[in-house]
Structures are given as structure tokens and as C-alpha cells.
Amino acid sequence: LSMKPVELNNLIRFQNCLKDIKAWMTQNFLLLNTDKTEVIILGPRHLRETLSNQSVNLDDIRLVPNSTVKNLGVIIDEDLSFTQQISQTSRIAFFHLRNIKRIRHILSKQDSEKLIHAFITSRLDYCNSLLSGCPSRSLRTLQLVQNAAARVLTGTRRRDHITPVLASLHWLPVKQRIEFKILLLTYKALNNQAPSYIKELLTPYCPHRPLRSLNSGLLVVPRVTKSRMGGRTFSYQAPLLWNQLPLSVREADTVSTFKARLKTFLFDKAFSSTLNHSHP
């Protein structure tokens, strides 16, 4: 629910919403577990504080807003910084990486890479589109995980530069992996292969007068207030990244073709300076 703190009927609206959800689940033979239901308030800190002391009742159980909640394995915090989610992902990934390192000497490089993708890369990629628009300092922790995985796989020393190693493995860095996820979802939405509520967030660019960009498949980048997290939304990030793609990528006729061209584009974007330096 989106609401203003000054509204007097906030709690009534919230309770009615919970009742509607419970009724819908009951009609569909599902159970709303009251003991595991969590509440979180998202918004500016000074506005959150006006609602933080309020609570709602569900089946006579008092629900108090939490500072973090977990949904589908993702930890969501009040500031949408995903700091705790990043920390947990990093901690679990390093745990598995240490175990892989112990047996790396008895595994082939191919088998070791399979293990790393199964236990490390899969965690870096899980719901990573939520991190779109995050500052680089937030993504640095996850990038360190990928760097460590590349060192374990290739036996690279800690003092050696890791960027050429990532390029040789054809691994996209964390930031580009996030962009890949956003752009793939955008392509599917524009080609009716994604839910309608995703497609509704995208607006094709239609100039008022004939221009060369008329048939280039561009999207409208909405005006947002970045200081209020507007720059992190899919409706802003998707068109912003989409319009930066070459026309040949945007016009790919199949998903597999789009993914191949997109990875090539993002790979060149991430490692262009490294590749140019190694091949003068």
C-alpha cells in the first residue's frame, strides 16, 4: 500500500488489505500464516518514524513493523539499500568458495568452474536486478566474491590484477550481470514474453515530428527524483540502459540471439580498455 503518514485511516486500510489477502488465499486453498507475516515501512526516515510505533492486528496477533523482512530469500531493508542482502550473499558465497578451494587441486578446471557457477555465480545472479542503480560501493562486496572465485579457479595470486583474468574466463563483472538481467527482461517485455505489468512500465519513444530515431526502438526515459530512489526503479533503469544499446542488439529477432549480442556488447563495455591494452 502506498500512503501518506498524515492520513488517519492508514491502519484501517492496512487491516482491510490483510483481510482481503487472507480471504483470497482461503478461496484458493492457501493459508496465510499469521505467525510468519511481517510488516515493513518503506520511505524517508523522518516519515517512517511517524508510523513506526503503530501496529495492526491480524487474527488477534499484533504485527509491528520490522526494520528488515525476507521475501523469496531476499532481505529487504527500510532504505532499500539491500546492504544486509549483499552481506549475506557474500558470506554464504565465501563459505562455499573456501570449500571449493580445499578440493580445487583434485578437480579439473572444467569441473571446478561448474562448481563455482553452481555455488557462487548462481547466488550473485539471484534477484540481482533489485540492485540496479545501486552505487558502486554497494556492489564492490559482490565483485570481490567474483574476483576471489576467479583466483581460486585459475590459481591467480592476490597481488595480480584480476580484470584480465575475468576477461579470459569470459565472465561479465557484477555490474554488467545486473544490466544483462534488466535488459533481458526489457527485451522480453517489448516482445510480449513477460508479464503485462512489466510491459506497462515501458513507453516507446514517439517523436512529434519525423526523425531518424522514429524506428530505432527507443524508449522514453521518465523524469525521476533520484534522491528519492526514483533512479533505482525499473521504469527508469530499463529505458536508460535500453537506449544505450546498438540498434543491432535491440532488433534481435530471438531471445537467444539477443542474449548473445547483449553479452558481447556488455563484455566489450566492461573490458574494452583491457582488450585494447593486450592487443595493440
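Buried here means under 20% relative accessible area, exposed means over 50%, and partly exposed lies in between, with a 1.4 Å probe and protein chains only. The model is predicted, so local features need pLDDT of at least 70 and side-chain atom pairs count only at pLDDT 80 or more, whereas totals for chains, interfaces and linings use all residues. Residues are numbered from 1 along each chain as its sequence is written, and side-chain values use heavy atoms, with hydrogens and water left out.

**Aromatic pairs and the core**

Both Phe 267 and Phe 271 are buried, and they lie four residues apart in helix α11, about one turn of the helix; helices (H or I, at least four residues) and strands (E, at least two) are DSSP runs, numbered from the N terminus. The structure holds three aromatic pairs, where rings of Phe, Tyr and Trp (its six-membered ring) pair if their centres lie within 6.5 Å, and planes under 30 degrees apart count as stacked, over 60 as edge-to-face and the rest as tilted. The rings of Tyr 187 and Phe 258 are stacked because their planes stand at 15°, with the centres 4.3 Å apart. Tyr 187 belongs to helix α7 (residues 174–190) and Phe 258 to helix α11 (residues 255–278), so this pair ties together parts that are 71 residues apart in sequence. Both Tyr 187 and Phe 258 are buried, and together with Trp 242 they form one aromatic cluster.

Phe 258 is also among the residues with the most contacts inside the largest nonpolar core, which has 50 residues; the others named are Ile 120, Leu 131, Trp 171 and Leu 262. Such a core is a set of buried Ala, Val, Leu, Ile, Met, Phe, Trp, Tyr and Cys residues joined through side-chain atoms within 4.5 Å. The elements that give two or more residues to this core include α3 (83–103), α6 (163–169), α7 and α11.

Arg 232, in the loop between α8 and α9, is buried yet has no salt bridge, and the nearest side chain of opposite charge, Asp 77, is 7.5 Å away; for charge, Lys and Arg count as positive and Asp and Glu as negative, while His and the chain ends are not counted.

Ser 132 is in contact (heavy atoms within 4.5 Å) with Arg 232, Ile 178, Ile 182 and Gln 237, leaving aside neighbours within four places in sequence. Ser 132 sits in the loop between α4 (109–125) and α5 (136–154) and is buried, with a relative accessible area of 4%.

**Salt bridges**

A salt bridge is a side-chain nitrogen of Lys or Arg within 4 Å of a carboxyl oxygen of Asp or Glu, and by this rule the count comes to four. The table includes three of them.

| Pair | N to O distance |
|---|---|
| Asp 79 and Arg 45 | 3.9 Å |
| Arg 177 and Asp 125 | 2.8 Å |
| Arg 157 and Asp 160 | 3.3 Å |

Arg 177 in helix α7 and Asp 125 in helix α4 are 52 residues apart, and their pair links distant parts of the chain. Asp 125 counts as partly exposed, at 22% relative accessibility, and Asp 160 likewise counts as partly exposed, at 27%. Arg 45, by contrast, is exposed, with a relative accessible area of 54%, while Asp 79 is partly exposed at 37%.
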